[in-house]
Amino acid sequence: MTHRTGEGRTNTTWTDPLAFVESGEWITVSLGGTQLARSLNVIIVHEQGHLPVCYFPRVDVCLDAMTPIDHCTHCPRKGDASYFAAGGAAGPIVAWSYEDPIPAARILKDYVAFYPDQIELHKED
């Protein structure tokens, strides 16, 4: 596991498949004009074989705008994921979190990630 602060991509390998980079800038997530999250403490996760994903501290996420749904999956690199839908349980699934991540991903506890194709993601100047 690699953890660093700053710009640029952290390389991953099959033996070290996760890298965590603190964004160091304000990032906002919105859906249909409703702000779902805004934080200066976003962790960008680089995972071997995947595009980078922004994880927001749970305290900076408007959980009232989303509904936890009865769906979970398992990632061997991070643990069991729980999911959230927007606009009620029948709405689109927009986010997930690892409530009890495996040790290699423990930094993601109390963080929420959003599907980039379901939301608008903005870096603030």
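Predicted model: local features only at pLDDT ≥ 70, side-chain atom pairs only at ≥ 80, totals over all residues.
Q: How many helices and strands does the protein chain have?

A: Let's walk along it from the N terminus: β-β-β-β-β-β-β-β-β-β-β. That comes to 0 helices and 11 strands.

Q: What share of the contacts in the protein chain is between residues 24 or more positions apart?

A: Take the contacts with a separation of 6 or more: 45% of them join residues 24 or more positions apart. As for burial, 41% of the 125 residues in the protein chain are buried. The chain exposes about 7,000 Å², and 53% of that comes from carbon and sulfur atoms.

Q: Which residues have the most contacts inside the largest nonpolar core?

A: The idea is to look for buried nonpolar residues joined through side-chain atoms. In this structure the largest such core has 17 residues, and Val29, Phe56, Val61, Met66, Ala95 and Phe114 are the ones with the most contacts inside it. At least two residues of this core come from each of β3 (27-31), β4 (34-39), β6 (53-57), β8 (79-86), β9 (93-98) and β10 (111-114). There is also a second, separate core, which has 16 residues, including Cys75, Ala81, Tyr83 and Ala113.

Q: What is Phe114 in contact with, leaving aside its neighbours within four places in sequence?

A: Its list includes Val29, Phe56, Val61, Met66 and Ala95. Also on the list are Leu36, Ala37, Cys54, Val94, Trp96 and Ile119.

Q: How many aromatic pairs does the structure hold?

A: A pair of aromatic rings is described by the distance of the centres and the angle of the planes. This structure holds 3 pairs. One of them joins Tyr55 and Trp96, edge-to-face, at 6.1 Å centre to centre with 85° between the planes. Tyr55 is in strand β6 and Trp96 in strand β9, so this pair links parts of the chain 41 residues apart. Both residues are buried.

Q: Why is the pair of Trp96 and Tyr115 tilted?

A: Look at the angle: the planes stand at 50°, with the ring centres 4.7 Å apart, so the pair counts as tilted. Planes over 60 degrees apart would count as edge-to-face, and those under 30 as stacked. Trp96 lies in strand β9 and Tyr115 in the loop between β10 and β11 (120-123), so the pair ties together parts 19 residues apart in sequence. Trp96 is buried, with a relative accessible area of 10%, whereas Tyr115 is partly exposed at 27%. Together, Tyr55, Trp96 and Tyr115 form one aromatic cluster.

Q: Which residue has a positive phi although it is not a glycine?

A: Most residues other than glycine have a negative phi, and most peptide bonds are trans. Asp110 has a positive phi of about 70°. You'll find Asp110 in the loop between β9 and β10, where its relative accessibility of 44% makes it partly exposed.

Q: Is Ser30 buried or exposed?

A: Relative accessible area is the number to check, and under 20% means buried. Ser30 has 11%, so it is buried. Ser30 belongs to strand β3, and its contacts, leaving aside neighbours within four places in sequence, are Gln35, Leu36, Ile119, Glu120 and His122.

Q: What does Val53 touch, not counting residues up to four places away in sequence?

A: Val53, in strand β6, touches Ile43, Ile44, Val45, Trp96 and Ala113. The C-alpha atoms of Val53 and Ile43 are 8.2 Å apart, and the two residues are 10 apart along the chain.

Key: Residues numbered from 1 in each chain as written. Heavy atoms only, no water. Core = buried A, V, L, I, M, F, W, Y, C linked by side-chain atoms within 4.5 Å. Buried < 20%, exposed > 50% of the residue type's maximum accessible area, 1.4 Å probe, protein only. Helix = DSSP H or I, 4+ residues; strand = E, 2+ residues; numbered from the N terminus. Contact = heavy atoms within 4.5 Å. Phe/Tyr/Trp six-rings, centres within 6.5 Å; stacked < 30°, edge-to-face > 60°. Areas by Shrake-Rupley, 256 points an atom, 1.4 Å probe, with all protein chains shown as cover.
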